[in-house]
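Q: Could we go through this structure together, starting with the terms? I would like to take the charged pairs, then the sheets, then the helix packing.

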There are 2 protein chains.
Amino acid sequence: MARAATTSDVFNAIAEPQRRQILVLLRSGERPVNELADELGMTQPGASKHLRVLREVGLVRDRKEGKQRVYGLDARKLRPVHEWAGGFERFWNASFDRLDAYVQSLKHAGRKESR
Amino acid sequence: MARAATTSDVFNAIAEPQRRQILVLLRSGERPVNELADELGMTQPGASKHLRVLREVGLVRDRKEGKQRVYGLDARKLRPVHEWAGGFERFWNASFDRLDAYVQSLKHAGRKESR
DNA sequence: TTGACACATTCCCATATAGGAATATGATGT
DNA sequence: ACATCATATTCCTATATGGGAATGTGTCAA
């Protein structure tokens, strides 16, 4: 089965480094495809393909402007990502020894023994 | 080229839903492979494979305990993900109309014209 | 040593890409 | 209608999975 489609899961869509670059670049403003491709050093078809994926998952919007197609950021779908990762915040804030202690406390507090 | 190895990029490693589930589950405590597989309804080899990926990117650690191998969370690598997504916070906080305005202001403020 | 248990690994397969090359589509100016 | 510019799409290929089945490896107990 390989993996869920990149076009249906934001986590998967942003797994591609170049697509993350595109999103970052778009923070500083909308851009037509070619400009975007130039700035990121990718081919035009390459940019178009990535943009299509980003559009289908809803991370960018596009708008026609003359013969150009201007792409803009729609970061709302990134919020779940931020929150998901944020759910682990207390784990990276604690030092590792403390982390172990914390984990142990949870373990003994409310679960069946495992050793 | 298909994509960068899942074992070298955290974003790619967490692109797999089941691996995210594993990480979430491990927040409540360390677990041996079988227990983890049971709780998530996956086969043992399946769990082992995902755990291997997570271990190679550094998201989990393992420790031998008798004949079991206990896996624990190491969420530090998730911090960059949280921060990356957080870099878009102002974009999802603003309403869309405001967003456009903001984007336009940036555009006119410091870049070469494009229309 | 033998057997049982807990995992890890290997094989094999179907599928989903990413990328390059070539081509199709669309809008604009003449 | 025609040439041109800006994009999108299609074709093809090499590769990276994820999953199932079978098997290998390591540890502990008797």
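This is a predicted model: local features need pLDDT of at least 70, side-chain atom pairs count only at pLDDT 80 or more; totals for chains, interfaces and linings use all residues.

Q: Is B:Asp62 buried or exposed, or in between?

A: B:Asp62 is partly exposed, at a relative accessible area of 28%. Its side chain forms a salt bridge with B:Arg69, with the closest N and O atoms 2.2 Å apart. A salt bridge here is a side-chain nitrogen of Lys or Arg within 4 Å of a carboxyl oxygen of Asp or Glu. B:Arg69 is also partly exposed, at 33% relative accessibility.

Q: How many salt bridges does the structure hold over all chains?

A: There are 18 salt bridges over all chains.

Q: Why can such side chains pair at all?

A: Side chains of opposite charge can pair when their charged atoms come close.

Q: Which residue does A:Arg20 meet in a salt bridge?

A: The partner of A:Arg20 is B:Asp9, at 3.3 Å from N to O. A:Arg20 lies in helix H2 (residues 17-26) of chain A and B:Asp9 in the segment before helix H1 (10-13) of chain B, so the pair joins two chains. For these labels, helices (H or I, at least four residues) and strands (E, at least two) are DSSP runs, numbered from the N terminus. A:Arg20 is buried at 10% relative accessibility, and B:Asp9 is buried at 12%.

Q: And B:Arg63, what does that residue pair with?

A: B:Arg63 forms a salt bridge with B:Glu30, the closest N and O atoms being 2.4 Å apart. This pair links distant parts of the chain, 33 residues apart: B:Arg63 is in strand S2 (residues 60-65) of chain B, and B:Glu30 is in the loop between helix H2 (17-26) and strand S1 (31-32) of chain B. B:Arg63 is partly exposed at 33%, whereas B:Glu30 is buried at 7%.

Q: In chain A, which residues are linked with A:Arg63 in a network of salt bridges?

A: A:Glu30 and A:Glu65 are linked with A:Arg63 in that network.

Q: Changing topic: in what order do the strands of the chain B sheet come?

A: Three strands form an open sheet in the order S1-S3-S2, with antiparallel pairing. S1 and S2 of chain B stand at the edges, each with a single partner strand, so one side of each is left without a neighbour in the sheet. Two strands pair if DSSP finds at least two bridges between them. S2(B) and strand S3 (residues 68-73) of chain B pair over six bridges. Within that pairing, B:Arg63 stands opposite B:Val70, and B:Glu65 stands opposite B:Gln68.

Q: What happens in the hairpin of S2(B) and S3(B)?

A: The hairpin has two residues between the strands, and B:Gly66 takes a positive phi near 65°.

Q: And the chain A sheet, in what order are its strands?

A: The order is S1-S3-S2, in an open, antiparallel sheet of three strands. S1(A) is joined to strand S3 (residues 68-73) of chain A by two bridges, and A:Arg31 stands opposite A:Tyr71 in S3(A).

Q: On to helix packing: at what angle do H2(B) and H4(B) pack?

A: They pack at about 75°, with their axes 10 Å apart. Axes are lines fitted to C-alpha atoms, for helices over the stretch in contact, and angles run from 0 to 180 degrees between N-to-C directions. H2(B) and H4(B) are therefore roughly perpendicular; angles under 35 degrees count as roughly parallel, over 145 as roughly antiparallel, 65 to 115 as roughly perpendicular and the rest as oblique.

Q: Which residues of H2(B) and H4(B) make the contact?

A: B:Gln18, B:Arg19, B:Ile22 and B:Leu23 come from H2(B), and B:His50, B:Leu51, B:Val53 and B:Leu54 from H4(B). Contact means heavy atoms within 4.5 Å.

How values were computed
Residues are numbered from 1 along each chain as its sequence is written. Chains are lettered from A and ligands numbered from 1 in the order in which they are written. Side-chain values use heavy atoms; hydrogens and water are left out. Buried means under 20% relative accessible area, exposed over 50%, partly exposed in between (1.4 Å probe, protein chains only).
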